[in-house]
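Visitor: Please walk me through this model. Keep it brisk.

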Amino acid sequence: MKGIMIELKNVTKYFRVGFFGTKKNAVENLSLSIEEGKVTGFFGPNGAGKSTTIKMIVGLINPSDGGIKINGYDASDYRARLKLGYLPENPSFPRGLKGIEIINYYSKLLDKRINKDEIYDALKLAGIFYAKNIQANKYSKGMTQRLALAVSILGDPEILIFDEPLSGLDPIGRKEFKDIIFKLKERKKTIFFSSHVLADSKELCDSIAVLVNGRLIKNKDVADIEKEAEGYAEKKKDYRLPAEYSTPLEIYLYDLMLKNRKN
Amino acid sequence: MKKILYGTAYSFKEIKNSKIFYSFLIFALILISGSYFVSQTSFINQGRIMVDFSIFAISIFNIFIGIFIGASAVYDDIEKKSIFLTITRPLKRTEYLIGRFLGLAAAIIFSTVIMMLIFYAVLLIMHKFIVPVGYSAGNVKDKFTFYSLPQPLIIQALFIITESIFIASAALLFSLITSKALASIFAILVFFIGNVSGRMNDLIMPVKKIINGKIVIVHQANHILAAIVHFIYTVLPNFSIFNISSEAAYKVNISAGAIFYRIIYGLSYTVLLFVISSLIFAGKDIS
Ligand SMILES: Nc1ncnc2c1ncn2[C@@H]1O[C@H](COP(=O)(O)OP(=O)(O)OP(=O)(O)O)[C@@H](O)[C@H]1O
Ligand SMILES: [Mg+2]
């Protein structure tokens with residue numbers, strides 16, 4: 001029996017923009033359950049509200065309406081993050097500190113003791129061990145991404161939330177990162193990651209959620225979506241689609257996003 | 001609790017490595033050493049000039065550190081998104097904020113102590129303004145005199161620390177509701193007005209004279225102006241109580257009561273401002 005790890009109920013988030021502070025919805029009435037031990041991919045075009053949703057889950061911003069529960073705790077409660085690792089989009093670290101000093105510090109903020117070996121293991125797994133004695137503000141984008149990944153997997157958390165984990169990584173890095181996700185998947189971690197790279201969907205995910213314009217337009221197991229996609233592809237004879245997308249699943253997701261985009 | 005301590009240490013390390021911190025520190029050290037040359041322009045009271053000059057340098061640079069780092073510590077963390085990984089750990093936001101603030105306080109204490117030590121060394125070399133304390137026992141040949149800074153100078157250092165931490169808490173609070181630049185400007189304004197408000201308040205007091213046994217008001221400032229000044233005087237903290245440079249220059253000891261009262265005054269304001277910051281920060285969207 002699989003439990004629900006993360007539950008979003010009718011979550012709406014608006015930001016106030018402009019001089020008069022007019023409300024602008026970034027996420028609208030979003031309900032989503034993320035199951036324990038599954039990899040859920042969170043897809044959507046730029047500005048769809050993926051990062052906003054993720055920030056609400058990890059407690060950085062508060063929903064304007066609705067509620068989020070992680071492991072039974074409200075997302076604003078620090079206990080919700082006892083077993084949670086988060087990789088932000090475009091992570092960054094304070095200036096003037098070495099990689100190893102940074103990860104040491106983060107290891108101290110966890111509720112359990114992390115020994116040196118565990119820190120080294122995390123660094124090695126993320127492929128940044130070699131640069132641990134370099135100041136983190138001198139890292140390249142991909143290196144920073146790797147250090148942040150190492151920080152997020154410290155302490156072996158049950159839930160992993162990655163916001164665009166593959167952006168900024170070279171082809172080798174992408175492959176390595178996918179392997180890390182596979183490893184974590186084998187260990188029955190609950191993984192929720194966002195991406196706009198549709199090709200990532202099939203190989204990594206058990207389940208796919210598609211967000212467009214702040215609204216959830218699809219949330220299904222990969223197998224079901226694939227079936228839908230094949231049916232869709234058969235009906236649709238027009239195959240002059242961008243060479244970018246080759247599989248029926250990718251084409252299906254692409255069309256879904258295109259159709260639901262605001263005009 | 002343990003997390004707060006690690007946060008403090010980390011914050012201190014980060015501030016200590018920041019360019020703005022050590023440029024202030026180095027600049028102050030140059031001024032303190034330079035106070036020797038300034039004092040040479042005078043024939044009398046060279047020690048006093050050195051003290052005035054150096055204490056001014058030490059206090060102004062620590063206040064700058066308080067204001068600029070206070071306004072940027074958390075603000076930059078949010079701006080550069082380096083806060084994302086911190087407060088998404090199992091950590092209360094208040095714990096993060098306390099750690100950050102204590103780290104800044106530690107940096108202020110650290111810089112004041114270093115500046116005072118250098119100042120002390122300069123005075124020792126010049127053999128000015130220092131007071132001998134305690135003799136070791138034994139015959140006259142082994143006599144060893146230990147020179148210390150006079151009491152008001154040590155107290156002045158303590159006050160500089162109190163005052164700089166205080167203004168840092170104001171800058172931190174402002175930085176949570178406005179931009180970094182505005183927060184620094186507000187903090188500077190609060191500091192400036194807080195320094196002169198006492199004197200302003202004295203100025204607008206009605207001037208009374210006793211003429212033929214009766215108290216007669218001979219001059220009365222505009223009522224509205226008086227009310228405004230009095231309001232500012234009451235609401236804004238009074239920073240001038242932390243400035244004891246004249247006592248220091250004449251080596252007048254400060255009473256324990258005054259020391260205690262002023263430090264408690266500064267600390268309670270700091271705590272109050274910090275609690276407000278913490279309440280604002282707890283509900284703040286960080287993105
Ligand atoms: N702090 C903010 N203030 C105002 N508007 C915001 C803020 N953060 C996000 N938004 C708006 O919310 C919408 C969703 O942004 P979000 O960053 O969640 O998109 P995303 O799906 O992560 O996009 P991307 O794929 O480009 O990362 C955008 O229209 C954005 O302008
Ligand atoms: Mg995003």
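Guide: Some terms come first. Axes are lines fitted to C-alpha atoms, for helices over the stretch in contact, and angles run from 0 to 180 degrees between N-to-C directions. Helices (H or I, at least four residues) and strands (E, at least two) are DSSP runs, numbered from the N terminus. This is a predicted model: local features need pLDDT of at least 70, side-chain atom pairs count only at pLDDT 80 or more, and totals for chains, interfaces and linings use all residues. Residues are numbered from 1 along each chain as written, chains are lettered from A and ligands numbered from 1 in the order written, and side-chain values use heavy atoms, without hydrogens and water.

Visitor: How are H3(B) and H7(B) oriented to each other?
Guide: The axes of H3(B) (residues 46-79) and H7(B) (residues 180-204) come within 9 Å and cross at roughly 150 degrees. Angles under 35 degrees count as roughly parallel, over 145 as roughly antiparallel, 65 to 115 as roughly perpendicular and the rest as oblique. H3(B) and H7(B) are therefore roughly antiparallel.

Visitor: Which residues of H7(B) make the contact with H3(B)?
Guide: Contact means heavy atoms within 4.5 Å. H3(B) contributes Ile63(B), Ile67(B), Phe68(B), Ala71(B), Ser72(B), Tyr75(B) and Asp76(B). From H7(B) come Lys180(B), Ala183(B), Ser184(B), Ala187(B), Ile188(B) and Phe191(B).

Visitor: Which protein donors does the magnesium ion (ligand 2) have?
Guide: Donors are N, O and S atoms within 2.8 Å of the metal (3.2 Å for Na, K and Ca); water is not among the atoms, so sites may look incomplete. The protein donors lie 1.9 to 2.5 Å from the ion. They are Ser51(A) (OG) and Glu89(A) (OE).

Visitor: How many residues apart are Ser51(A) and Glu89(A)?
Guide: Ser51(A) sits in helix H1 (residues 50-57) of chain A. Glu89(A) is in the loop between strand E6 (84-87) and helix H2 (99-108) of chain A. The pair links distant parts of the chain, 38 residues apart.

Visitor: Is Ser51(A) buried or exposed?
Guide: Buried means under 20% relative accessible area, exposed over 50%, partly exposed in between (1.4 Å probe, protein chains only). Glu89(A), at 22%, is partly exposed. Ser51(A), at 13%, is buried.

Visitor: Why is H2(A) largely enclosed by the rest of the structure?
Guide: The cover includes H3 (116-126) and H4 (141-153) of chain A, together with H1 (2-16) and H4 (83-87) of chain B. H2(A) is largely enclosed because its buried residues number seven of the 10.

Visitor: What is the relative accessible area of Phe193(A)?
Guide: Phe193(A) lies in strand E8 (residues 190-195) of chain A. Beyond four places away in sequence, Phe193(A) touches residues including Phe42(A), Phe162(A) and Leu204(A). Phe193(A) is buried, at 0%.
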